[in-house]
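Subject: Structure handover and notes

Dear colleague,

I am passing on the structure we spoke about, and my notes on what was found in it follow below. Please read them with the model open beside you.

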Amino acid sequence: TMQAALAQGTWDSVVADHNMPEFDAFAALETLQSSGLDIPFIVVSGSIGEEAAVTLMKSGAADYVMKDKLARLTATVERALRDAATRRERRQAIDDLRASEECLREVLENSRDASYKCNFQTNVYDYISPGFTRISGYARDEMETLPIENVLGLMHPDDLAKVERVIAGAMSGVAGTAYQVEYRFKYKEGQYRWLQDRFTVMRDAQGLPAALIGSVSDITERKQAEEALRESEARLTHLTASTPAYIYEVDREGKILFANNVYLGLTVDQVKGTRYADWFPQDQRRMVQETLDSCLATAAATETEFAVPDPTGKVQRFLVQMTPAKSGESRGTVVITATDISKLREAEEDRERLLAQLAAEKARWQATVESMLDPVTVSDAQGRATYMNAAYSRMVNRTIQANEAVVNHTLQ
């Protein structure tokens, strides 16, 4: 049977005679349609009337060819095959579009962000995704019936002018251009949270703005983190600006990325991007760069003392500590702390000089006392002798000898 043949084979088209014993073109077309196959059905007949032919075409036949014009059959079949292929492609495209729309709907329905379409003609939202409820606390039906002016009224007063300015620019801008604006939005519970709105303007056939299509993300946590970072950086800037030490950050090439204070009366902008070693005297630059390279190569901190003359020629001494950064964005850079120890070194030199003077004075005093004929002794607070000159020693020795003589005489 035709039904069995259709089920067993793969067919490109069906060509059927209209008048067959107990099985005409109408029955054949019905059998083909009941099989679910989408292949062209072409009727060949020598006596089909115009009314029957029209009925068959309306019922789904692709075409019909009279037997006295069979030369047309090949072209008719080819055209019918092309039409069938076009129908299949169109049906596949519709199926793909439907699947894509379903996938997009699933994404929008389950996204943490909120998607929307704002209609300028109706002045309300045509669509709001469930994500908006998670973001704002308002139900979808509450927002979809809320006029646009009322939605703008939920924005923070300090941000409203900015939002209106961006929307106005989008309305007069080029179609399809993406816009972005951040603002604080009043949640249903009453608190404000930061939102990031990304949208584009749809235009009608006349090029007039018809709708806004966009998505909204809750960026409150990001804003809080940015504020915390700004406060941290402000504290760090204050601390580094307040310290008397010179703090630098340099990259692998030795170029200055950051400076809190600058030596020699220069500004921070003047030294940024320059090589740290170049700010040292010519005869020290190689040593400075080698110390920096060693710090990077070994990932170990170093400490070196450098003498740097100021514009007046006076030598200033600095204790330079280089520490490699080992984490974060600063990895691969070196933090340099240069502490002015000129006064410390001057104090140490003054101390050494005073000690030398004291030693010289002591030597001169001892020489003078030693040359005296009178006995001289120096005692501490407990009366113990800490020094005696030669005359005193001779006197003590004579006394001891005299005492020994008296003792010896008595014993005899």
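The structure holds 22 salt bridges, and since this is a predicted model, please take every value below as computed from its atoms.

Among these pairs, R91 forms a salt bridge with D38, and their closest N and O atoms are 2.9 Å apart. This pair links distant parts of the chain, since R91 sits in helix α4 (residues 73-110) while D38 sits in the loop between α2 (25-35) and β2 (41-45), 53 residues away. R91 has a relative accessible area of 38% and is therefore partly exposed, and D38, with a relative accessible area of 24%, is partly exposed too.

Helix α12 (residues 342-370) holds another pair, R364 and E361, which lie 3 residues apart, or about one turn of the helix. R364 is partly exposed, its relative accessible area being 45%, and E361 is partly exposed at 44%.

A further salt bridge joins E352 to R351, with 3.4 Å between the closest N and O atoms; of these two residues, E352 is partly exposed, at a relative accessible area of 48%. Besides such pairs, there is a network of salt bridges that links E182, R222, K223 and E226.

Next, the packing of helices. Two packed helices are described by the angle between their axes and the distance between the axes. For α2 and helix α3 (residues 50-59), the angle is about 0 degrees and the axes are 11 Å apart; angles under 35 degrees count as roughly parallel, and α2 and α3 are therefore roughly parallel to each other. On the α2 side the contact is made by A25, F26, L29 and Q33, which meet A52, T55, L56 and S59 in α3. When the residues of this contact are divided by type, 5 are nonpolar, 3 are polar and none is charged.

The nonpolar cores come next. Which residues of the largest nonpolar core touch the most other members? Of its 27 residues, they are Y116, Y183, F185, L195 and F199. At least two residues of this core are supplied by each of the strands β4 (114-119), β5 (124-128), β6 (179-186), β7 (192-203) and β8 (209-218), and likewise by each of the helices α5 (131-136), α7 (148-152) and α8 (157-172). The largest share, 4 residues, comes from β6.

Two backbone angles may interest you. N123, in the loop between β4 and β5, has a phi near 65 degrees, which is a positive value in a residue other than glycine; at 25% relative accessibility, N123 counts as partly exposed. A299 likewise has a positive phi, of about 55 degrees, although it is not a glycine, and A299 lies in the loop between α11 (282-298) and β11 (302-309). With a relative accessible area of 39%, A299 is partly exposed.

Not counting residues up to four places away in sequence, Q284 touches F306 and A307.

L229, found in helix α9 (residues 220-242), is by contrast partly exposed, with a relative accessible area of 48%. L229 and I128 are 101 residues apart in sequence, and their C-alpha atoms are 34 Å apart in space.

With kind regards

Key:
Residues numbered from 1 in each chain as written. Predicted model: local features only at pLDDT ≥ 70, side-chain atom pairs only at ≥ 80, totals over all residues. Heavy atoms only, no water. Salt bridge = Lys/Arg side-chain N within 4 Å of Asp/Glu carboxyl O. Buried < 20%, exposed > 50% of the residue type's maximum accessible area, 1.4 Å probe, protein only. Axes fitted to C-alpha atoms, helices over the stretch in contact; angles between N-to-C directions. Parallel < 35°, antiparallel > 145°, perpendicular 65-115°, else oblique. Contact = heavy atoms within 4.5 Å. Nonpolar A, V, L, I, M, F, W, Y, C, P; charged D, E, K, R; others polar. Core = buried A, V, L, I, M, F, W, Y, C linked by side-chain atoms within 4.5 Å.
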